[in-house]
Amino acid sequence: MRQLTTDVFWLTRAIGAHCYWLDAGDRVAIVDPGLKLGLNRVARELRDAGRSPYEVTDILLTHADADHAGAAAEWQRRTGARTWIGAADAAVLTGALTPATPFRRLTASIGRPELPGNLQLLDGDTELWPGVVALHTPGHTPGHHAFRAGRVLFAGDSATARHGRLEPMAAVLMTDVRQGHADLARLRALGADWYCCGHSAPTRRA
């Protein structure tokens, strides 16, 4: 568990995408808890750091890919937390919406994460609670949302971070490449101090 700011920590034992812990006082969130296979590893990491998984009040999912959201349903069952996810990605998990690209249809056919309980559906930019904002960034998946908490940006798979700068994800991973470039430009313009992406180590903005 590596501290990045006074209230943001990187949970390094997650399997899949990078996972983060946001301690916002009366709200404690886990961001993208990763694959279900890594759930108990993360729980042990928290206990080793003197924290408890049962502190979690909110689960923030940037999107519904298994490497980000696979553990979310079990986290929710154990903690009773609210689960925030884009409405379009929730619809993919239920089968109500067909993934838009051949690559995404293939990954969905292999297996979809379980849809968590206590859902709070996101459909556009919204403030989750004071100081934490969801930003609709639908280039990667239609329901993808980045989250900003103060000067920290949880970008999910809207970008990777290299040398203190946000860079585009591989085009094959994007649902809409043009929208993905627009999302990237928007996130760069926010001027966050920390970039916490799904598949690159968290880094300070250069």
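Predicted model: local features only at pLDDT ≥ 70, side-chain atom pairs only at ≥ 80, totals over all residues.
1. Helix α1. This helix covers residues 39-48, and its buried residues are L39, V42, A43, E45 and L46. Viewed along the axis of α1, these buried residues fall within an arc of 160 degrees, so they line one face of the helix.

2. Just after α1 comes G50, which has a positive phi of about 85 degrees.

3. Salt bridges in general. Side chains of opposite charge can pair when their charged atoms come close. In the whole structure, a search finds 14 salt bridges. The next points take up some of them.

4. D58 and R82. The side chains of D58 and R82 form a salt bridge, with N and O 2.9 Å apart. This pair links distant parts of the chain, since D58 is in strand β5 (residues 58-60) and R82 is in strand β6 (residues 82-86), 24 residues apart. R82 has a relative accessible area of 27%, so R82 is partly exposed.

5. R151 and D193. Another salt bridge joins the side chains of R151 and D193, at 3.3 Å from N to O. Here too the pair links distant parts of the chain: R151 is in the loop between β10 (145-149) and β11 (152-156), while D193 is in the loop between α6 (177-189) and β14 (194-197), 42 residues apart. R151 is partly exposed, at a relative accessible area of 41%. D193 is also partly exposed, at 29%.

6. D193 and R205. D193 forms a salt bridge with R205 as well, and the closest N and O atoms of this pair are 3.6 Å apart. R205 counts as partly exposed, at 36% relative accessibility.

7. The largest pocket. How much space lies in the largest pocket? The volume is about 360 Å³. The lining consists of 22 residues, of which D65, A66, R104, T107 and A108 are the closest to the centre of the pocket. Two or more lining residues come from each of α2 (66-69), α4 (87-94) and α5 (102-110). The largest share, five residues, is from α5. Sorted by class, the lining has 12 nonpolar, four polar and six charged residues.

8. The largest cavity. The search of the whole structure finds one cavity of 30 Å³ or more. About 40 Å³ of space lies in the largest cavity. Which residues line the largest cavity? They are H18, Y20, V31, D32, T62, F154, G156, C196, C197 and G198. The elements giving two or more residues to this lining are β11 and β14. By class, the cavity lining has five nonpolar, four polar and one charged residues.

Definitions and conventions:
Residues numbered from 1 in each chain as written. Heavy atoms only, no water. 1 Å grid on protein atoms, 1.4 Å probe; cavity = no way out; pocket = protein on both sides within 12 Å on 5 of 7 lines; lining within 4 Å. Points joined across faces, edges and corners; volume = space filled by probe spheres on them. Helix = DSSP H or I, 4+ residues; strand = E, 2+ residues; numbered from the N terminus. Nonpolar A, V, L, I, M, F, W, Y, C, P; charged D, E, K, R; others polar. Buried < 20%, exposed > 50% of the residue type's maximum accessible area, 1.4 Å probe, protein only. Arc of directions from axis to C-beta. Salt bridge = Lys/Arg side-chain N within 4 Å of Asp/Glu carboxyl O.
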